[in-house]
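Me: I'm new to this one. Can you walk me through it?
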There are 2 protein chains.
Amino acid sequence: MTSDVVRLSHGAGGRETTTLLEKLVISRLPSEMKTALGGVGTDELDDGATIVAGGQHVVISIDSYTVNPPFFPGGDIGKLAACGSINDVLMMGGRPVAMLDAIVAEEGLPVSDLDRIVQSFLSVLREEGVSLIGGDLKVMPRGQLDGVLITTACVGVAERPIVDSRVRPGDVVIVTGTVGEHGAAIMAAQKGIGVEAEGLVSDVQPLTRIMLPLLKEYGESIRAAQDPTRSGVAGALNEWAQKSGTVIVVNGPSIPVREEVRAYCEMLGVDPLSLACEGRALLAVDPSAADAVLALLRELGCEDAAVIGEIRGSERFRGIVLLRTEAGGLRILERPSGVIVPRIC
Amino acid sequence: MTSDVVRLSHGAGGRETTTLLEKLVISRLPSEMKTALGGVGTDELDDGATIVAGGQHVVISIDSYTVNPPFFPGGDIGKLAACGSINDVLMMGGRPVAMLDAIVAEEGLPVSDLDRIVQSFLSVLREEGVSLIGGDLKVMPRGQLDGVLITTACVGVAERPIVDSRVRPGDVVIVTGTVGEHGAAIMAAQKGIGVEAEGLVSDVQPLTRIMLPLLKEYGESIRAAQDPTRSGVAGALNEWAQKSGTVIVVNGPSIPVREEVRAYCEMLGVDPLSLACEGRALLAVDPSAADAVLALLRELGCEDAAVIGEIRGSERFRGIVLLRTEAGGLRILERPSGVIVPRIC
């Protein structure tokens, strides 16, 4: 243990991240330190947490954004830092209302770069009606931080929080759009390939305009919601299966993947289901509402939204994800481990 | 502007920080984007922000901690990250109930170091009765971040938020203990002097056991509260004066400074009033309650607590701080600019 060092995979959001956090943090928290004021906390390890104030669930999410490069096809670290934490509040069933940001910049960063990043961050907030209520700015000496790092905490209010452990056998799994684009775009940008020419563009976007109508119309039927960021769809579905002790069966050919992403992933031998999305949601929906949810998603402009699988109960298996392949066979879709792309978000 | 770069002073919490944030962020926020749900936001630029949920003020603070070295006399980055954000919620008049943390570590950091830091962080939370409800862990490749960086968001509830702009002529300024110790300890640690031998130890500590009884007994009489971190007592008082358009007169000889800190500062030509405290509060108190507040502070173990000045109104001057020196003269106590110690917190 004492000779161990932190590895990139510890920050990749997959198996190693969970193991390290469990060991250093979660196992040390007595249950009364996992929640506050009757809310949802580290007992659930969901996209965000809640506290209950005056009878109302206040949702809070936090994430540090380290993406490299800071400007990439489809967005930049400012847009990502705004969307990522807004989406986490939405995935908890909350309506985002306020943001706090903590920027750490490297000495020597052009002010014009910081300016572009802040403008991009603020323009998401403006469009989404989210206020910037607080923040922090620090600077590290040249060479001690590569560029800029932004941490955001988003605050929202929820009638009833959505907690992913509540998926149950019979629920239908829906994805709101094509997957893996953010990860593929960052991977290509880091490898220095002509990304725009390849058509690899991040899907980073706030999910507000999709999630608020869905929550309003079908809030009670949406059992779980997660934006498959680090470790992708494979990671998110494995978390659901493990938390709920169910088996999730996904139909590979139904999962929408853009042709450019599929080709690029094949070339590199990477599974697009392990790659981060930053503007998609995975939903587990009560089967009676699945058709209506899909229809509303289409109305809201999600033309690639699709039913990709279902939750099953099993006596023999618990906590696994099975993928039905093109050939019709079933294989286990593992929770990603190792690191595909460092600083992906 | 385009040729400007981010400088260390932009992150020092003094004049340059305010100027940059005003230009890049605050000036671009329409007033409706500065607050949310009737709370306190970037309209006040205070230690934290609030939203109102179910008639109750929910207080939220955020700060990134970059302190170098991560282990220092009196504490470490884990303790600092817990205390700093807890204290910010207290300074807003809130009772801290929950914490979220986002850790970014450098690849290759010994897990044993991270372990010590996390244990230290959790032990503060445990003692203060604050739950850890959410978090994030990311890893940056070796050489892209020096060590470890922690961002914390603390959440609390307040009956009525304390907003520093509300100081008014006649209020008495009280400090809860000796000042400048954290800054002096970090400065000495960075310069590689035998710090413990010099008796320079950080004052980092949560202010809960002081502030909760004070708020309970004299909440209505405490007009402003601030923990003088980056840019120290000089920075905090100048902020109060500017926000309220008052003149603050402080009596230099009344400000408690440990002899070791005074001697070290004299040697380096640094003003202890510009150095960060991480376990002290500055309070502006209604004059009718000042004696009682001071007596309660003494009861609570703050034997160095002292009245150090008062708020005045003036027709001719607004927004300045005057320091009465040992010799009896008055001089302007400027808001600190430049950078004394990088990565002080």
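Me: What do the buried residues of α9(A) pack against?
Reply: In this predicted model, they pack against β8 (172-175), α6 (208-218), β11 (282-285) and β12 (306-312) of chain A. Contact means heavy atoms within 4.5 Å. Helices (H or I, at least four residues) and strands (E, at least two) are DSSP runs, numbered from the N terminus.

Me: Which residues of α9 are buried?
Reply: In that helix, residues 290-299 of chain A, the buried ones are A:A290, A:V293, A:L294, A:L296 and A:L297. They sit on the same side of α9(A), because they cover an arc of only 160° around the axis. The arc is that of the directions from the helix axis to the C-beta atoms. Buried means under 20% relative accessible area, exposed over 50%, and partly exposed in between (1.4 Å probe, protein chains only).

Me: Which exposed residues are on the face turned away?
Reply: A:D291 and A:E299. After α9(A) comes A:G301, with a positive phi near 95°.

Me: And α1 of chain A, which of its residues are buried?
Reply: Helix α1 covers residues 15-24, and A:E16, A:T17, A:L20 and A:L24 are its buried residues. Seen down the axis of α1(A), they fall within an arc of 105°, so they line one face of the helix.

Me: What do they pack against?
Reply: Elements of chain B: α3 (111-128) and β6 (131-140).

Me: Switching to chain B. Where is B:P342?
Reply: B:P342 is in the segment after β14 (330-332) of chain B. At 24% relative accessibility, B:P342 counts as partly exposed.

Me: What does B:P342 contact?
Reply: Apart from neighbours within four places in sequence, B:P342 touches A:P141, B:L8 and B:Q190. B:P342 is also 8.3 Å from B:V67, C-alpha to C-alpha, though 275 residues separate the two in sequence.

Me: Back to chain A. How many helices and strands?
Reply: Nine helices and 14 strands. Chain A is as compact as a globular protein of 345 residues, because its radius of gyration is 19 Å, close to the 20 Å from the globule rule. The radius is taken over C-alpha atoms, and the rule is 2.2 Å times the number of residues to the power 0.38.

Me: How much of chain A is buried?
Reply: 64% of its 345 residues.

Me: Anything on numbering and cut-offs?
Reply: Residues are numbered from 1 along each chain as its sequence is written, with chains lettered from A and ligands numbered from 1 in the order in which they are written. Local features need pLDDT of at least 70, side-chain atom pairs count only at pLDDT 80 or more, totals for chains, interfaces and linings use all residues, and side-chain values use heavy atoms, leaving out hydrogens and water.
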